[in-house]
Amino acid sequence: MVNAVYDHIFAIIIVGIIFVSAVVALPAMSLINIRAVDQQQLRNIALNVFNALLLDTGEPANWGSFLDFQMNDPRIKRFGLASAEDSAFYVLDPDKVQRLVVGNPLNYVDYNRVRELLGLQGYGFKLRIIPPFNVTNVDGTPIREKSPIIIQSKQLNYSIKVSYLDGTPIPNAQVHAIIIYTEGSNFGITSRPPVFTNALGICSDTATLNFVPKHVVVVLRVTVADVATITVTFGDTPPDDIAKINFVGDEIILTMPDATPRGARWIDNIIPVTSDDDIEFLYNGTRGNEDKLNYGAFKVWSKSFNGLKKRNPVVFIFNFWAVIKGEGRQEVLIAGPYHNLLGHTIFEYGSTPEDSSSAVKIRRSVIIAGMTYIAELWLWKESS
């Protein structure tokens with residue numbers, strides 16, 4: 001009889017423990033399930049938004065090519081970055097991508113306007129476009145922070161490291177360099193034979209130039225398994241007050257920067273580098289008023305080149321006859337307009353979440369001007 005009583009007491013205790021555990025555990029499990037459902041819903045929204053951005057041309061289909069573009073342009077009825085001139089998937093229009101560059105002198109599309117067009121009220125997003133692999137200094141320092149170029153008299157040497165986005169070295173990557181350089185009124189250009197990275201992902205090359213350079217631009221085309229990226233690097237920090245560069249449709253547009261006014265500058269040469277690794281002189285200036293920029297009557301220079309956009313220019317090198325403060329007038333090299341897509345900086349558009357762990361991140365490869373990049377979308381729900 002006593003044993004039966006103990007059995008009942010023991011059973012009651014066990015049931016009580018189970019009940020208390022359930023009371024404590026079930027809300028926690030429910031919260032976990034709710035969070036999981038929320039994250040899945042957020043991922044579904046992110047996928048829909050990503051497809052809209054990368055597969056839809058928007059309306060009108062050529063909205064990025066408006067020369068009189070406005071930040072809240074009422075003519076844009078639907079937002080998308082896809083090219084209307086290419087039927088392949090995930091091919092983006094460079095004109096539309098440029099409209100995401102904050103500070104674009106021809107105007108950029110407002111972030112809140114894009115959220116409105118995409119139906120993302122209550123959500124925040126960030127779009128990043130980065131190269132498919134890293135091209136850095138040998139020590140891993142980004143090229144935008146330190147140039148890999150060393151110049152000793154007429155000898156130019158560069159050493160770089162190529163790695164996957166997770167830092168793993170890439171052996172046998174092909175690196176082709178085009179060197180453009182000036183000194184005073186002298187101008188030179190040379191195309192180097194390809195070199196290949198070793199087992200550590202490192203390669204170097206040395207070129208003998210025709211004269212000791214003052215300004216140098218090296219365009220590096222790095223190819224890994226038929227996927228290529230282009231990085232632009234300078235021998236020294238390029239001046240940022242010569243001209244602002246834009247390329248819309250077939251038209252190149254140069255505008256005077258916001259800087260302390262000084263002497264006029266003339267466009268001597270325009271050299272496009274295409275996705276096929278071709279390089280040529282697109283335009284040779286005359287140093288007349290038709291090729292002049294100043295802070296007076298010639299604040300804007302523009303010229304249309306028939307069929308230029310279809311040739312997929314990835315970057316333009318401009319040679320200006322300009323004054324460098326304290327150094328006098330000389331040939332000066334600048335590059336653009338795709339600095340943000342060429343390893344110079346990472347292209348980003350949008351906002352930043354308060355807690356990055358709350359954001360859903362998805363990515364895929366895209367084509368811009370014939371080159372492969374990685375597009376990455378961050379999406380999060382904003383706190384009310």
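Guide: A definition to start: rings of Phe, Tyr and Trp pair if their centres lie within 6.5 Å, with the six-membered ring used for Trp. The model is a predicted one.

Visitor: Which residues form one aromatic cluster?

Guide: The cluster is made up of F247, F316, F318 and F320.

Visitor: And how many aromatic pairs in the whole structure?

Guide: The search gives 13 aromatic pairs. Take F89 and Y90: their ring centres are 6.4 Å apart and the planes meet at 75 degrees, so this pair is edge-to-face. Over 60 degrees is what edge-to-face requires.

Visitor: Is F89 buried or exposed?

Guide: F89 is exposed, because its relative accessibility is 65%. Y90 is buried, because its relative accessible area is 18%, and the limit for buried is under 20%.

Visitor: What sits over the ring of Y90?

Guide: That is the charged end of R364, 3.5 Å from the ring centre. In another such contact, R287 lies over the face of W321, 4.2 Å from the centre of that ring.

Visitor: Changing topic. How many cavities of 30 Å³ or more?

Guide: The count is one. The largest cavity holds about 40 Å³ of space.

Visitor: What lines the largest cavity?

Guide: Its lining consists of H215, V216, V217, F234, D236, P238, P239 and L333. By type, that is six nonpolar residues, one polar and one charged.

Visitor: Which strand gives the largest share of that lining?

Guide: Strand β10, residues 215–224, with three residues.

How values were computed
Residues are numbered from 1 along each chain as its sequence is written. This is a predicted model: local features need pLDDT of at least 70, side-chain atom pairs count only at pLDDT 80 or more; totals for chains, interfaces and linings use all residues. Side-chain values use heavy atoms; hydrogens and water are left out. On a 1 Å grid over the protein atoms alone, a cavity is a set of points where a 1.4 Å probe fits but cannot get out, and a pocket is an open set with protein on both sides within 12 Å along at least five of seven lines; lining residues have an atom within 4 Å of a point. Grid points are joined across faces, edges and corners, and a volume is the space filled by probe spheres set on the points. Helices (H or I, at least four residues) and strands (E, at least two) are DSSP runs, numbered from the N terminus. Ala, Val, Leu, Ile, Met, Phe, Trp, Tyr, Cys and Pro count as nonpolar, Asp, Glu, Lys and Arg as charged, and the others, Gly among them, as polar. Rings of Phe, Tyr and Trp (its six-membered ring) pair if their centres lie within 6.5 Å; planes under 30 degrees apart count as stacked, over 60 as edge-to-face and the rest as tilted. Buried means under 20% relative accessible area, exposed over 50%, partly exposed in between (1.4 Å probe, protein chains only). A charge sits over a ring if NZ of Lys or CZ of Arg is within 6 Å of the ring centre and within 35 degrees of the ring normal.
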